[in-house]
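My notes follow, in the order I made them.

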Amino acid sequence: MHGDGPRRQLRQHLARCGVGCHHVAVAVQPQQAVAVALGAVPVFLLARKHLDSGRAGLGFALAYLLYPATGWLTLNEFHPVALATPLLLFAFWYLDEDRLLPFALFAIAASACKEEIALVVAGFGIWYAVAHRSRAAGA
C-alpha cells in the first residue's frame, strides 16, 4: 500500500504529459538495468589493477552484479541515482588512471543525475589530492 503512492504519482505525472505509464516502464527499465550492469566494467578494471589479478577483478565484478542493492535499483521504477552509480564508477576508474578529462565528463554526468552526487565527486577530488600529495612526498 505504501509503495503505491510514488507509482500513482508517476502515473499521474506521465498522464498529464500525455505518456502512457506502461510504455515508459517497458522502455526505461531495460536501459536502466543495462546502464547499472555496465558498472561492472570499471569494478573489474579497478580490482584487476590494484589486486594484480584478473580472477579477483572478475570476482569483484560478479559481486557488484549480484549485490542485492544493485539489483533492487533496477526492479520497480526509474531511479536517477541508479544511472549515477555506473557513471561514478567510470569516473573513479578514469581518476585512478590519471585521465582527468574523461573523469570530468563522467563526474559531470553523474552529478547531473542527482544533487547529492556532487558531494561524492568532491570526495573523489579529496582522495585524488591526498593520493598525489603522498606520492610526491614519497618520491
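**Helix pair**

I looked up how helix 3 passes helix 4 and found a right-handed crossing (the near helix is turned clockwise from the far one by less than a right angle). Helices here are DSSP runs of H or I, at least four residues, numbered from the N terminus. The model is predicted, so I note that local features need pLDDT of at least 70, side-chain atom pairs count only at pLDDT 80 or more, and totals for chains, interfaces and linings use all residues. Residues are numbered from 1 along each chain as its sequence is written, and side-chain values use heavy atoms, without hydrogens and water.

I then listed the contact (heavy atoms within 4.5 Å): helix 3 gives Ala40, Val43, Phe44, Ala47, Arg48 and Leu51, and helix 4 gives residues including Gly54, Phe60, Tyr64 and Leu65.

**Leu65**

I picked Leu65, which is found in helix 4. Beyond its neighbours within four places in sequence, I find Leu65 in contact with Ala37 and Ala40. From Leu65 to Ala40 I read 25 residues in sequence and 6.6 Å in space, C-alpha to C-alpha.

**Helix 6**

I went on to the buried residues of helix 6; among them are Pro86, Phe90, Trp93 and Tyr94. After helix 6 comes Asp98, with a positive phi near 60 degrees.

Methods
Buried < 20%, exposed > 50% of the residue type's maximum accessible area, 1.4 Å probe, protein only. Helix = DSSP H or I, 4+ residues; strand = E, 2+ residues; numbered from the N terminus.
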